[in-house]
Amino acid sequence: DRYYVYTWDMDKQTWTPQAGVRCGPWSKWGLRRAIRKLRAMGYPCDYSSAHGGSGDPSVHVTKR
């Protein structure tokens, strides 16, 4: 499986890649690296949001 990470852009009102964090494709282990980068930028990125839940409404992770 491959994962893609997007953040909510308030100006564009859509999900977009976050500057400084590649949106994907990420492996399961690579996804952890992307989540750590987003946390360093101030996004909560809790477990729920990283697995498609609604823990952090500003971060969206998809699996393809």
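**Rings, strands and a core**

Tutor: In this predicted model, the charged end of Arg 64 sits over the ring of Tyr 4, 4.2 Å from its centre. Ask me anything about it!

Student: What makes 4.2 Å count for Arg 64 and Tyr 4?

Tutor: A charge over a ring has to be within 6 Å of the ring centre and within 35 degrees of the ring normal. The distance for Arg 64 is 4.2 Å. Arg 22 is placed over a ring too: it lies over the face of Trp 26, at 4.1 Å from the ring centre.

Student: Why is the pair of Trp 8 and Trp 15 called edge-to-face?

Tutor: Rings pair if their centres lie within 6.5 Å, and planes over 60 degrees apart count as edge-to-face. Here the centres are 5.1 Å apart and the planes are at 75°, so the pair is edge-to-face. A search of the whole structure finds 1 aromatic pair.

Student: Why does Trp 8 count as partly exposed?

Tutor: Buried means under 20% and exposed over 50%, with partly exposed in between. Trp 8 has 31% relative accessibility, so it counts as partly exposed. Trp 15, at 32%, is partly exposed as well.

Student: Where does Trp 8 stand relative to Trp 15?

Tutor: Trp 8 stands opposite Trp 15, which is in S2.

Student: How do you know that S1 and S2 pair?

Tutor: Pairing takes at least two bridges, and 3 bridges join S1 to S2, which run antiparallel. These strands belong to an open sheet with the order S2-S1-S3.

Technical notes: Residues numbered from 1 in each chain as written. Predicted model: local features only at pLDDT ≥ 70, side-chain atom pairs only at ≥ 80, totals over all residues. Heavy atoms only, no water. Helix = DSSP H or I, 4+ residues; strand = E, 2+ residues; numbered from the N terminus. Phe/Tyr/Trp six-rings, centres within 6.5 Å; stacked < 30°, edge-to-face > 60°. Buried < 20%, exposed > 50% of the residue type's maximum accessible area, 1.4 Å probe, protein only.
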